[in-house]
Amino acid sequence: MERNDFLGWIFSEPGKAALAGAAGGIVRWLTLRPSWREGLATLVVGAICAIYAGPVALPIVEASIGKALPGGDMAGLSSFLVGIGGISLSGLLLDIFDRRRASVREDKDDGS
C-alpha cells in the first residue's frame, strides 16, 4: 500500500473511526493497566470494533447525549466509546454465540 493510500484511508470515515476506537483502546489500557500485550490487543480490538460497531452505536449515543458535542462529531464520540468497550463488547458477543450454540446442542441431544 502506498503512503498516499494509507493517508487517504486515515482521513476517510473508517480511518477516523479506527483512530477514535484505538484512542478508546488506549484509554482502557491506561486505566486498567494490563500487560503491554493485553494493552496492544485492546488497542487493535478497539479500532476494529469502532470501524464496524461505531455506526451501529451512533444512534444510541445520539439519543443518549443528543447533539451536545461541540463540532457535532457524534460519529467520532461513538467510535471512541466503542473503542473503550471493544474488548468487553466482543467478549459479550462471543459469550452470547457460545451460549446459543450450547443451547442448540442440548436441544439436539434431548431430541435424539
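Is D98 buried, partly exposed or exposed? Select D98 to find out: its relative accessibility is 38%, so it counts as partly exposed. Keep in mind along the way that this is a predicted model.

**Stop 1: the partner of D98.** The side chains of R101 and D98 meet in a salt bridge, with 2.5 Å from N to O. Both residues belong to helix α5, and because they are three residues apart, about one helical turn separates them. R101 is partly exposed too, at 45% relative accessibility.

**Stop 2: a nonpolar patch.** Next, select L89, L92, L93, L94, I96 and F97. Together they make a nonpolar patch on the surface, with about 580 Å² of accessible area. Pick out L92, which sits in helix α5 (residues 86-111). Its relative accessible area is 47%, so L92 is partly exposed.

**Stop 3: the other salt bridge.** The structure holds two salt bridges. For this one, go to helix α2 and select E13 and K16, which lie three residues apart, about one turn of the helix. Their closest N and O atoms are 3.9 Å apart. E13 counts as exposed at 56% relative accessibility, while K16, at 44%, is partly exposed.

**Stop 4: the largest pocket.** The pocket holds about 240 Å³ of space. Colour α2 (13-32), α3 (36-65) and α4 (74-84), each of which gives at least two residues to the lining. Helix α2 has the largest share, six residues. By type, the lining has eight nonpolar, three polar and three charged residues.

Conventions:
Residues are numbered from 1 along each chain as its sequence is written. This is a predicted model: local features need pLDDT of at least 70, side-chain atom pairs count only at pLDDT 80 or more; totals for chains, interfaces and linings use all residues. Side-chain values use heavy atoms; hydrogens and water are left out. On a 1 Å grid over the protein atoms alone, a cavity is a set of points where a 1.4 Å probe fits but cannot get out, and a pocket is an open set with protein on both sides within 12 Å along at least five of seven lines; lining residues have an atom within 4 Å of a point. Grid points are joined across faces, edges and corners, and a volume is the space filled by probe spheres set on the points. Helices (H or I, at least four residues) and strands (E, at least two) are DSSP runs, numbered from the N terminus. Ala, Val, Leu, Ile, Met, Phe, Trp, Tyr, Cys and Pro count as nonpolar, Asp, Glu, Lys and Arg as charged, and the others, Gly among them, as polar. Patches are made of residues with over 30% relative accessible area and no salt bridge: like charges are joined within 9 Å, nonpolar side chains (Val, Leu, Ile, Met, Phe, Trp, Tyr) within 5 Å. Accessible areas come from the Shrake-Rupley method with a 1.4 Å probe; for residues, only the protein chains shown count as cover. A salt bridge is a side-chain nitrogen of Lys or Arg within 4 Å of a carboxyl oxygen of Asp or Glu. Buried means under 20% relative accessible area, exposed over 50%, partly exposed in between (1.4 Å probe, protein chains only).
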